[in-house]
Amino acid sequence: IINISNDGEPALIFNIKIDFIGEPDDVSVIMRPDDFGMEIEEYIVRETAWLGMAWDGELVWGIDCRQDQFVGFDPITEEIVEVVDVPDYCFDMTCDGQSFWATFWNDRLQQIDRDGNIISTLEVPVRSVSGIAFDGENLWYSGVNNYLDRCTFRQISTEGEILREIDCSDLIYNNHYSIEYVPEHKGGNLWVMGLEDFYQININGEPPDIVQHMQIFTGEMFG
């Protein structure tokens, strides 16, 4: 901020020179708190019951759980451009750039190709898996064995090896249903949709902490 004032004397003459020295090595992208929760855009896609969302770099994907389909929506043309029939009722989904990963509210994660075929199945040590996300290399999932395990996030390789386990039960008190990992959000990579709450969580430090939080309507909790 540059403040320039004149107390009544003749007009000031000044020059400002700006030198561009290059982009920083690490740019942290994080939504400003004043913008958190502000509606940016609304799309009318299809009247159905929706679960889970994912982004593949071009299309927004959602689960039509009435039709058991992954639906690819182009936000530029505002049209459905791809539909994938899936073999079972899916609860949440993510995209690794080539294929999909889905949860089914049981103890398994499944990798599904663009034709709806199951490529691989990973068994995980929880009774009910809800959310799933991809961080560019590995998977994250949330799941429960009982009420006390209501908010534990685990990072695993695409072969099923557990890499990290983060207990956020002291931060999030309600059940959660969908998660997303955004690598560019250095100050809080993990986004969590709960029963009545939406969180951005910083999981890079110990202990994890909530960056931003807002309440939502119960009917919006599955996106």
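A: Arg108 is partly exposed, with 38% relative accessible area; on that scale buried means under 20%, exposed over 50% and partly exposed in between, using a 1.4 Å probe and protein chains only. Its salt-bridge partner is Asp107, with the closest N and O atoms 3.8 Å apart, and Asp107 is partly exposed too, at 30%. A salt bridge here is a side-chain nitrogen of Lys or Arg within 4 Å of a carboxyl oxygen of Asp or Glu.

Quick note on the source: this is a predicted model, where local features need pLDDT of at least 70, side-chain atom pairs count only at pLDDT 80 or more, and totals for chains, interfaces and linings use all residues. Residues are numbered from 1 along each chain as its sequence is written, and side-chain values use heavy atoms, leaving out hydrogens and water.

By that salt-bridge rule, the count is six. One of them joins Arg114 to Glu82 at 3.3 Å, N to O. That pair links distant parts of the chain, 32 residues apart: Arg114 sits in the loop between β7 (108-112) and β8 (118-123), and Glu82 in strand β4 (residues 79-85). Strands are DSSP runs of E, at least two residues, numbered from the N terminus. Arg114 is partly exposed at 28%, and Glu82 is partly exposed at 25%.

Arg46 lies in the segment before β1 (50-55) and Asp64 in strand β2 (residues 60-64), so the pair ties together parts 18 residues apart in sequence. Arg46 is partly exposed at 27%, whereas Asp64 is buried at 0%.

Methods: Helix = DSSP H or I, 4+ residues; strand = E, 2+ residues; numbered from the N terminus.
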